[in-house]
Amino acid sequence: MAENTVEKTPVTLLGLGAMGAALARTWLAAGHPLTVWNRSPARAAALAAEGAEVADTVTEAVAANTLVVVCLLDDASVAEALAGTDLAGKDLVNLTTSTPAQARARAEWARERGARYLDGGIMAVPPMIGVPEAGGYVFYSGSPELFERHQQTLGVPVGTTYVGEDAGFAALHDVALLSAMYGMFAGAAHAFALIRKEDIDPAALAPLLADWLVAMAPSVHQTADQLRSGDYTRGVVSNLGMQVAGTPTFLDTAAQQGVSPELLSPYFELMRRRLAEGSGEEDLSGVIDLLVR
């Protein structure tokens, strides 16, 4: 009886930093023929031992397969690496971190060279690659047909989430989520700073802080609903007027604890501005309109 085998899509991967190497190993482990290239050839040696074909040049690597995945340092690195390379007929998937404008320009650049294009924003760190339960994924945007064609292969290392035909949307979603993450980090930093000089174990505060942030996270759904409807008073629990009235307590506490308010003050100032020109019965969603120029 003949063995039932499924042919695995060959992949070319350009870039073998920490993320690129993690992607490479998961494709190899899943049985995908893999051709790799890296500016520093030494990084490819371990992957060659694991079954990867190592290309001496970018041109050689791109010529090897239709599906070409790029995971380099930045957009300038992509332009430099692929300069002069024949991309006609290639399916170019760019996982390099970029801005939405760079992604859109790179999509047009690829189209002019006869390539089909997908842009990706990786919502994971290297240890999450190849570990489905870690919850990582990649935002993809660009050609929906191209995404559908390669979704199974692209989903081998980490989950996939398609966010639209506009090539800039993956980068935009990526930066939006990471911006929220840094806002959370800023709030957590201020919280830990407040107890820094006290006889309070940071390890004791940490689970309380984590649980509180998790409890507050669903509020983003209400914000989205208010932005969509334009009614910033819908479902309000603590209105803008009440919250602005409470801000002096946070600033006074910071002063008493010898902590700079610089992570809180800009947001509090926006809240006060919105109150001055809006309604005290609103939620905090109106602050968003102050940020949009």
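**Entry 1, ground rules.** I am looking at a predicted model, where local features need pLDDT of at least 70, side-chain atom pairs count only at pLDDT 80 or more, and totals for chains, interfaces and linings use all residues. Residues are numbered from 1 along each chain as its sequence is written, and side-chain values use heavy atoms, without hydrogens and water.

I looked up the largest pocket and found about 2,200 Å³ of space in it. Its lining has 49 residues, and L213, M216, S219, Y267 and L284 are the closest to its centre. A pocket here is an open set of points on a 1 Å grid over the protein atoms alone where a 1.4 Å probe fits, with protein on both sides within 12 Å along at least five of seven lines; lining residues have an atom within 4 Å of a point. Grid points are joined across faces, edges and corners, and the volume is the space filled by probe spheres set on the points.

Which helix gives the most to this lining? I found that α7 does, with 12 residues. Helices are DSSP runs (H or I, at least four residues), as strands are (E, at least two), numbered from the N terminus.

Of its 26 lining residues, G17, M19, C71, L72 and L73 lie nearest the centre. α1 (18-29), α4 (75-82), β6 (116-123) and α7 each supply at least two lining residues.

Last, I checked α10 and α11: their axes (lines fitted to C-alpha atoms over the stretch in contact, with angles from 0 to 180 degrees between N-to-C directions) come within 10 Å and cross at roughly 145°.
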